Amino acid sequence: MEARSKKERMLWAQFDALEMGSGWTEEDIVKPQILIEDVYGDSHPGSVHLNQVTEQVKWGVVERGGFGAKYHVTDICDGCAQGHDGMNAVLASREAICDMVEVHASALPWDGMVLASSCDKSIPAHLKAAARMDIPAIFLPGGSMRPGPNMTTSLVAGDISLRQKRKDAITPREIRDYKLTGCPSAGACTFLGTASTMQCMAEALGMALPGSALVPATMRDLTDYARAAGRKIMELVRAGIKPSQIMTPAAFKNAIIIHSAIGGSTNAMIHLPSVARELGFVLPVEWFDEINHKIPHLCNLNPSGRQLTESFWFAGGIPMVQEILKDYLDLDVLTVTGRSLGENLERIKRDGFFERNLGYLHNYGLCREDVIFPAEKVQENGSVAVLKGNIAPDGAVIKYSACAEEMRSHKGPARVYDSEEAAHDDVVSKKIRPGDIIVIRYEGPRGSGMPEMLMTTEAIVCDPDLNGSVSLVTDGRFSGATRGAAIGHVSPEAARGGPLALIREGDIIQYDVENRSLDVVGIEGKECSPQEVLAAFKEREKEGVKKPSGRKGMYKRYTDHALSAMEGAGY
């Protein structure tokens, strides 16, 4: 099989010379050429190991008669950006990474590509790029980090950070011990945050090899998946199978079903619609709500449950969840194996995957049912809901599986802030009272780039006086690790004149997950009718909304043009 680049290489002799100057041989330049794109860098544990992982992809490509070239656009980490202005650039980085992969994939006529990443924004960026370029492509997840001491996660940081800010609440030894043990290996953080969720979504969409999501990053299995991805991309090239044939509306419905069952991050409700837009169709966020009404929440995974992602993979991972939910899924969808989902599940069963790793679970004193519940033992359906009302006419989201049942319906006074930093400071200094509903606005895509509010939500749940009684409502987003009554993605956002901009200190807010509602029900401490609320909003509209200034570069382009969170927050 000859390279797709044959025609272009004949146009300009330097093409071949440049490749040979980069280590290709005369034999290599005529083979099918595979772009191997990763986010390798010293940026964080989810990316630091990927250069070694993708070396195995390259060997797999060579084994099947192709030649691979490695390109890198490293990503950034929400954890390192937490609590300062760096967080404002994080969601915009998804678009930047996608655009750079497009640049790499457009400059040469590649025959196919393998995309490797582990974390929050790089995975959806890679899926968007695969959809945009629509040449044969496979996504390779970078796997899971090892657990911390006593089966903890890196999010012990929430408690540590809160106590650091309060006088005499923590010792230097406690802080140092956390720093030395909080992130014990490469891989994505070992709770079901956005990074782990998006690895699962890539596999559920059919874009990653069966069983590859959340494989422990320190185990030989990851290099096996990498080598297999290199071999498999050559099969997809020969068969001409493209992402648009895999990521169909039926595949997205399958992914949302899996998202519901595992208790995935609310950020998937931004990322999946954004990927779908690259394929030319709208993925209504209401699909998440409809599907969550009927899909059993199978997984006992932190933050909704107790277990960690490494244990999830040992218990059978995404294929096990798909096997349990076969009656809900479209098993005829095509995947990157070149076979249907149904065929993949039959093959993985015959291969012994579901039994092979159970002994690792037993090392921790666990069995499969401790991590993935049988459907008949599930007590709750779904994990996320879309709320609407006079605060969020276009919608807002809540991950109710990570919220105490008594806080799934609440009414309280609004404490209003125009930035997360101001709200967080008041939580730390104990100016927030039990029963308050914190409103953080101008943090949507057009406001400040839609940063996550993890520092503030963790401060709330780590404060025994506030945990279980204080809610947060924002047009910003949350970490996949967020716990508690946290309602985000409020749309339209405040910066676009949405009703969130019209709420004032002391207004009374009420939300109800069961009824899917989110409303102001009182003005300045006095309950009143919906008509009276709308009249007050109409009067407040005359004051206008805050307009940002002084922005430049990529950040300005993003905040000037970003779509609503309900549309994926891309541009």
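Trainee: How many residues line the second largest pocket, and which lie nearest its centre?

Mentor: There are 22 of them, with Leu209, Pro210, Tyr225, Ala228 and Asp351 nearest the centre. Bear in mind that this is a predicted model: local features need pLDDT of at least 70, side-chain atom pairs count only at pLDDT 80 or more, and totals for chains, interfaces and linings use all residues. Numbering runs from 1 along each chain as its sequence is written, while side-chain values use heavy atoms, with hydrogens and water left out.

Trainee: What makes something a pocket, and what makes a residue part of its lining?

Mentor: Take a 1 Å grid over the protein atoms alone; a pocket is an open set of points with protein on both sides within 12 Å along at least five of seven lines, and a lining residue has an atom within 4 Å of a point. The second largest pocket holds about 600 Å³, a volume being the space filled by probe spheres set on the points, which are joined across faces, edges and corners.

Trainee: Which helix gives the most to that lining?

Mentor: That's α10, with nine residues. Helices here are DSSP runs (H or I, at least four residues), as are strands (E, at least two), numbered from the N terminus. α10 (220-239), α17 (341-350) and α18 (353-356) each supply at least two lining residues.

Trainee: How does the lining of the second largest pocket divide by residue type?

Mentor: Seven nonpolar, three polar and 12 charged. Asp, Glu, Lys and Arg count as charged; Ala, Val, Leu, Ile, Met, Phe, Trp, Tyr, Cys and Pro as nonpolar; the others, Gly among them, as polar. The lining of the largest pocket, about 720 Å³ in volume, divides into 18 nonpolar, 14 polar and five charged.

Trainee: Is Asp78 buried or exposed, and how do you know?

Mentor: Buried means under 20% relative accessible area, exposed over 50%, partly exposed in between (1.4 Å probe, protein chains only). Asp78 is at 6%, so it counts as buried. It sits in helix α4.

Trainee: What joins the side chains of Asp78 and Lys121?

Mentor: A polar contact of 3.1 Å. The term covers a pair of N or O atoms within 3.5 Å; within protein, one must be able to donate a hydrogen and the other to accept it, and residues adjacent in sequence count only if both atoms are side-chain atoms.

Trainee: And why is Thr309 called buried?

Mentor: Because its relative accessibility is 1%. Thr309 belongs to helix α15 (residues 309-314), and its side chain makes a polar contact of 3.1 Å with that of Ser144. Leaving out residues up to four places away in sequence, Thr309 also touches others, including Phe191 and Leu214; contact means heavy atoms within 4.5 Å.

Trainee: Where does Arg277 fall on the accessibility scale?

Mentor: At 41%, so Arg277 counts as partly exposed. Beyond four places in sequence, Arg277 is in contact with Leu563 and Glu567.

Trainee: Why is strand β10 described as largely enclosed by the rest of the structure?

Mentor: Because six of the six residues of β10 (486-491) are buried.

Trainee: Which strands pair with β10, and in what sense?

Mentor: Pairing takes at least two bridges found by DSSP between two strands. β6 (395-398) and β10 have three bridges, antiparallel, whereas β9 (471-474) and β10 have two, parallel. Gly395 bridges to Ser491 in β10, and Leu472 bridges to Ala486 in β10.

Methods:
1 Å grid on protein atoms, 1.4 Å probe; cavity = no way out; pocket = protein on both sides within 12 Å on 5 of 7 lines; lining within 4 Å.
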